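Dear colleague,

I am passing on the structure below, together with my notes on what was found in it. Please read the notes with the coordinates open beside them.

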Amino acid sequence: MNSRLRAFSQRLKAHRLGSTLTVVATLALGILIGTVASHSGKGKAFAGFSSDDATPLAAPSPKQLSSTFATISKQIEPSVVNINTDSTIKAPTRKGRRAPGGGSGGGGGDDQSMQDFFDRFFGGQGGGGGDFQGGDVGPDGGVHERSLGSGVIVDPKGYIITNEHVVDRADRVRVQLQNDPPGTLRDAKVIGVDKETDLAVIKIDAKESLPAAKLGDSDSSNVGDWVLAIGSPFGLQSTVTAGIVSAKGRDLVPQRQFQSFIQTDAAINPGNSGGPLVDMDGDVIGINTAIFTESQGYQGVGFAMPANTVRTVYNKLIGPEHKVTRGSIGIEFNAQPSPAIARVYGVNSGVIVANVRPGGPADQAGLKTGDAITAVNGKKVSNGNELVNEISNLPPGSKAKISYMRNGKEAETSVSIADRSKLFSDRLGTDEDTNDQEQPTESKLGITVKPLSGDLADRLGAPAGKGVIVQDVKPNSFAEDVGLGRGDVILEVNKQPVNNEDDFRKIQANLKSGQDVVFLVRQGRGRNAGTIFLGGTLP
C-alpha cells in the first residue's frame, strides 16, 4: 500500500509540474503572438490607426557632471580654510539632545531654545562653540576644549566668513590654508559676530594675496539645483560632497527671525560648520551651519545660511562698529499665522500683535495687543517676516509710519525705531549698556545673581519688584547641593525678603559656616512654575 501511495504521489507531482510548465509556456506564447500581431497591424484594437507622424524617443546626451564638479572643486577649494579654536570652559555640561525649540514670537529669541537647537545640530557642546574635538583639565580646574570648523576667504586681504558658534568663547583662533605646509596654523582675530544669523568674520594677516571665493545670489538658486559642500568634516581638510538644494526658506527656530535656511542633502558633518555651499557656477550661495541628526552624523538634511543674508551681515561686521544693528518697535507676534486667530480678531490681512513690550516704542505709540499691522511707511506687510525685514532695516532713532487695523477700523501712528539688541537684550544676551552696578553679583554661596527686570518678572510669574535671578551656579557648591539652578528667582533668604541685589549682598554677608540657610525660590515658567523652599547647612 505504501509503495502504491508513493507512486501515486510522484505521478501527481509530475502532473502538476507539467500543468504549470504548460501554463507558463502558453502565456509566453500568447505574449509572443500578441507582439507579432500588433506589429503586423492585424490586431482589432489598432485597426484603422496610423502612427506615421509619431517621433521616436531619443536618449538624451549624458551631462558630464563629474567634470563640472571637479572643475568647481579645483576653483573653490583654495579659498576654503580649516579653523582651529582653543577655549577654556569653567563649567562644561553635556546635556541631552532635544528637538529644536518651537513656539511663537517676533521680537527676540530664547537663549535656551537656541542652545537646544545647536545641541541637536552641530556646535552644541553645552559650553563651547565649534565642533568639539577633545579637551583636558587645566591647572585652574577649567576644561580646555579644542574645536574644529571651516570658513571661506571672501577677501584676498585675509577676511574669512565662518559661523559664530565656531569662534564663540574661543581664547585663540587659528586658520590653516589649503596650500600651507601640514601643521602650519595662522593666528586669526575676530572682526565681528552676529548671533542672530550665527555668522562671524575673522581675519588673518597675509603678505600674499589670498584666493577668495565669490558670493552669489542665493535668491536665484532653485530647489533641485546641484550644489557642493566644502569643508573639513572631522578635521578632514578639503572634503567635497555633492547634493541638491532640497528646499529654501526653512525657518527652523521660529523665535529667530533672521535664520531662514537653504536645505540641502549634500553630506554635511561636524567640522563643516562655516564652510561654503557652492552652485554650479562656482559661486557661494550659502554658509553651512547646521544638520538635523539623531546620531550626530550625516542623515541627508543640512542647512546653510543664504548668501544674500551673509553678504548683508558681512558688510556690517567689517564696518566701523563691527556689529549688526537692527531696528525694532518692541512687539511680538505668532511665527505662523492662524486663520482662527484672524477670524476671532476680525482681521483679513496684516500681522496680529500678540504682545507689546511695556515702555517700548510700540507701547508709546499706542499700539495694543490684537492690532493688525498692515503697512510700514506705506509698504504693505502680509506676514511676520515681511514686517521684521522692513523694521529691522530702519536705523535706530528714525521714525516709521505704521498702518494698522483695530476693531475693523483703519488707523495710523508714528513709531520711533529702537535698537533691537538693546530692546530685547534679556532674550538675545546682548545687553551692551550694563554698568558696574548691573553686573552679576558673586556670592560665597556659589551662585551669581543679577537684578530681575519687571518684564522678566512678568514672564517668569515672579512678584513685581522682588527677587534676584540666578545667572550661574558653581559646580559642587552649596547652592548646587541644595538644588538652586540657573534662572531661579530668589525671593527670600532665611525669611528676609530679597528685593534687589543690595538686599542679597547684605544677607549673604552675614551668613556663617554651620548656619542653616533656606531660600524661598520661584522656579520654572508658565504652568511648570512654582514657589518652593530650598535649604541646607552652610559648610
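**Notes on the model**

Among contacts in the protein chain (heavy atoms within 4.5 Å) between residues at least 6 apart in sequence, 62% join residues at least 24 apart. The model is a predicted one, in which local features need pLDDT of at least 70 and side-chain atom pairs count only at pLDDT 80 or more, while totals for chains, interfaces and linings use all residues. Residues are numbered from 1 along each chain as its sequence is written, and side-chain values use heavy atoms, with hydrogens and water left out.

The secondary structure of the protein chain comes to 13 helices and 29 strands, these being DSSP runs numbered from the N terminus (helices are H or I of at least four residues, strands E of at least two). Of the 539 residues of the chain, 44% count as buried, where buried means under 20% relative accessible area, exposed over 50%, and partly exposed in between, with a 1.4 Å probe and protein chains only.

**The barrel**

A closed barrel of 6 strands, with antiparallel pairing, runs in the order β8-β9-β10-β13-β12-β11, two strands being taken as paired if DSSP finds at least two bridges between them. Neighbouring strands of this sheet are turned against each other by 45° on average, direction ignored, with axes fitted as lines to C-alpha atoms (for helices over the stretch in contact) and angles otherwise running from 0 to 180 degrees between N-to-C directions. Helix α5 packs on the sheet, where it touches β12 and β13, and its direction makes about 50° with that of β13.

Taking the pairs in turn, β8 is joined to the antiparallel strand β9 (residues 239-251) by 6 bridges, and A229 stands opposite T241 in β9. Strand β10 (residues 260-264) is joined to β13 by 3 bridges, again in the antiparallel sense, whereas β12 and β13 pair antiparallel over 5 bridges. F303 in β13 has Q263 opposite it, and A290 likewise stands opposite F303. Strand β13 is mostly covered, with 5 of its 5 residues buried.

In the loop between β8 and β9 lies F234, which has a positive phi of about 55° although it is not a glycine.

**Individual sites**

H165, placed in helix α4 (residues 164-167), is buried at a relative accessible area of 6%. The side chain of H165 makes a polar contact with the side chain of D198 at 2.6 Å, a polar contact being a pair of N or O atoms within 3.5 Å, of which, within protein, one must be able to donate a hydrogen and the other to accept it, with residues adjacent in sequence counted only if both atoms are side-chain atoms.

S221, in the loop between β7 and β8, also counts as buried, at 6% relative accessibility. Its side chain reaches the backbone oxygen of S218 at 2.7 Å, and, leaving aside neighbours within four places in sequence, S221 is in contact with K248 and I285. The C-alpha atoms of S221 and D279 are separated by 8.0 Å, although the two residues are 58 apart along the chain.

N377 is in the loop between β18 (372-376) and β19 (379-380) and is partly exposed, with a relative accessible area of 42%; phi of N377 is near 55°, a positive value in a residue other than glycine.

Lastly, in helix α13 (residues 501-509), E501, F504, I507 and Q508 are buried. Seen down the axis of α13, these buried residues fall within an arc of 130° and so line one face of the helix, the arc being that of the directions from the helix axis to the C-beta atoms. The N-terminal end of α13 is capped by N500, a side-chain oxygen of which lies 3.1 Å from the backbone nitrogen of D502.

With best regards
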